[in-house]
Amino acid sequence: MKKTIRKAFKFRLNPNSDQVQKMVEFAGANRFVWNKALAMNLFRLEQKQPLLWYNELAFWLKLWKSSEDYGFLKTVHSQPLQQTLKNLEKAFKDGFDKKQPLKRIPKFKKKGLSDSFRYPQGFKLEQESNKVFLPKIGWVKYRNSRQVIGDVKNMTVSHRGGYWYVSIQTEYEADIKRHSSTSMIGMDMGITRFVTLSDGSYIKPLNSFRKLSKKLAFEQRKLSKKVKFSANWKKQKQIITRLHERIANARLDFLHKTSTNISKSHAMIVVEDLKVRNMSKSAKGSIEVHGKNVKAKSGLNKSILDQGWGMFISFLEYKQAWSGGDVLRVNPQYTSQTCPNCKHVSRDNRKSQRAFACTECGFKANADLAGALNVLARGHRVLACGVETLVSTKKQEPVGSSDTRQLLTA
Ligand SMILES: [Zn+2]
């Protein structure tokens, strides 16, 4: 049996100033079309006239484009504008309630808030070179943090917090299978150990990777001393490009092998939600906690590692989807400070980078293993009650996860 899986991938764009200018214009034009069409329909509602649906609105759009006043709409790609009208139609239809007609009336878009536009087609995605093609804007670089899987259905460009983003929606067919294993495992991700599993096993980071990134830093320093755009500079630039490729290939290979092995052995893999982790933990938590030496290193190492983890989880996700297993993301807050045995939360539980020792019950373990056990326990809790309770108090009752205790006593 097959099922269609829909996924969304969001990346930060790195547009140049011309492209930013166009995106601002496009977002403005789409906001204009939304507000204009919405105003027309609200007026008709007031007058108790039937609403205009997409086809009529698209006709109006054509008129506006050919008019002198709204001629600026012509510079904008037409499909996002049509899409905006479709979105408005949907917003009106969704707002209709049988008991209470127009319970939720669509709202006007304000400048600077929810600035966005969607391409239903015409876009291109080049993951190897980290760029997307947006019609009438051109190729735009993006921060490629995870692999996009499936057929791209649409792309939405949006503006938030001073940055532009692209959301890529995809669809793919996956077999519904039963995973050959029934085991469930928790995973902790770190720097001295790439991953530590709750069964006590762990995988070290790729050795060659360290050497290559050192070499990269060295070559980049050399580049900075050369005259920009000179023959020597260009030569040096090429050395760096090739080094980047070597690093990327080595990383991909490592991530594929590692994720395949873990995916084969476990039906349910519980991982830390990296999004939450990046917000709450990594700034002062995990990076320092997982390896002092890394802190002093350039931001490069960190970003490469971060990217590695994100990619690793996305590999696990699609491999699990193929094999009938699953990946569960849980909140990573306090997983490094919580005692897997008695649930006591304290910074003092972390005696050092490597060692966990509970100040309450005396439980001792490798710190990454303790993290993985906590992640697993959270996974059990999510599956049992469907919701995740955040550990916010200093002390909590041990939550009923007999599996964790079994693992500990085993
Ligand atoms: Zn304890």
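Visitor: Which residues are the protein donors of the zinc ion?
Guide: In this predicted model, the zinc ion has Cys339, Cys342, Cys358 and Cys361 as its protein donors, each through SG, lying 2.3 Å from the ion.

Visitor: What is the geometry of the site?
Guide: The site of the zinc ion is tetrahedral, with angles of 106 to 113° among its 4 donor atoms. For reference, the ideal angle for four tetrahedral donors is 109.5 degrees.

Visitor: How are the donor residues spaced in sequence?
Guide: The spacing is C-x2-C-x15-C-x2-C.

Visitor: Where do Cys339 and Cys361 lie in the chain?
Guide: Cys339 is in the loop between strand E12 (326-330) and strand E13 (355-357), while Cys361 is in the loop between E13 and strand E14 (364-366). The two are 22 residues apart, and the pair links distant parts of the chain.

Visitor: Is Cys339 buried or exposed?
Guide: Cys339 is buried, since its relative accessible area is 0%.

Visitor: And what about Cys361?
Guide: Cys361 is partly exposed, with a relative accessible area of 35%. That value falls between the 20% and 50% limits, so the residue counts as neither buried nor exposed.

Visitor: What is the phi of Tyr334?
Guide: The phi of Tyr334 is also positive, about 65°, although Tyr334 is not a glycine. Tyr334 is placed in the loop between E12 and E13, and at 35% relative accessibility it counts as partly exposed.

Visitor: New topic. How many aromatic pairs are there?
Guide: The count comes to 13 aromatic pairs. One of them is Phe11 with Tyr142, whose ring centres are 4.8 Å apart with planes at 45°, so the pair is tilted.

Visitor: Where do Phe11 and Tyr142 sit?
Guide: Phe11 is in strand E1 (residues 2-14) and Tyr142 is in strand E5 (residues 138-142). They are 131 residues apart, and the pair links distant parts of the chain.

Visitor: Buried or exposed, those two?
Guide: Phe11 is buried at a relative accessible area of 2%, and Tyr142 counts as buried at 3% relative accessibility. Another ring pair is Phe356 with Phe363: the centres are 6.2 Å apart and the planes are at 65°, so the pair is edge-to-face. Both Phe356 and Phe363 are buried.

Visitor: Which residues do ring pairs link into a cluster?
Guide: Phe26, Phe117 and Tyr119 are linked into a cluster by ring pairs.

Visitor: What lies over the face of Tyr163?
Guide: Arg12 does, at 3.5 Å from the ring centre.

Visitor: And over Tyr54?
Guide: Lys86 lies over the face of Tyr54, at 5.2 Å from the ring centre.

Visitor: Where is Tyr54 placed, then?
Guide: Tyr54 is in helix H2 (residues 54-66). Tyr54 is buried, because its relative accessible area is 16%, under the 20% limit.

Visitor: How far apart are the C-alpha atoms of Tyr54 and Thr84?
Guide: They are separated by 9.7 Å, although the two residues are 30 residues apart along the chain.

Visitor: Zooming out, what does the secondary structure come to?
Guide: The protein has 11 helices and 14 strands. Of its 410 residues, 45% count as buried.

Visitor: How much of the contact set joins residues at least 24 apart?
Guide: Among contacts between residues at least 6 apart in sequence, 68% do.

Conventions: Residues numbered from 1 in each chain as written. Predicted model: local features only at pLDDT ≥ 70, side-chain atom pairs only at ≥ 80, totals over all residues. Heavy atoms only, no water. Donors = N, O, S within 2.8 Å, 3.2 Å for Na, K, Ca; no water. Tetrahedral: all angles 85-135°; square planar, octahedral: opposite > 155°, others 65-115°. Helix = DSSP H or I, 4+ residues; strand = E, 2+ residues; numbered from the N terminus. Buried < 20%, exposed > 50% of the residue type's maximum accessible area, 1.4 Å probe, protein only. Phe/Tyr/Trp six-rings, centres within 6.5 Å; stacked < 30°, edge-to-face > 60°. Lys NZ or Arg CZ within 6 Å of the ring centre and 35° of its normal. Contact = heavy atoms within 4.5 Å.
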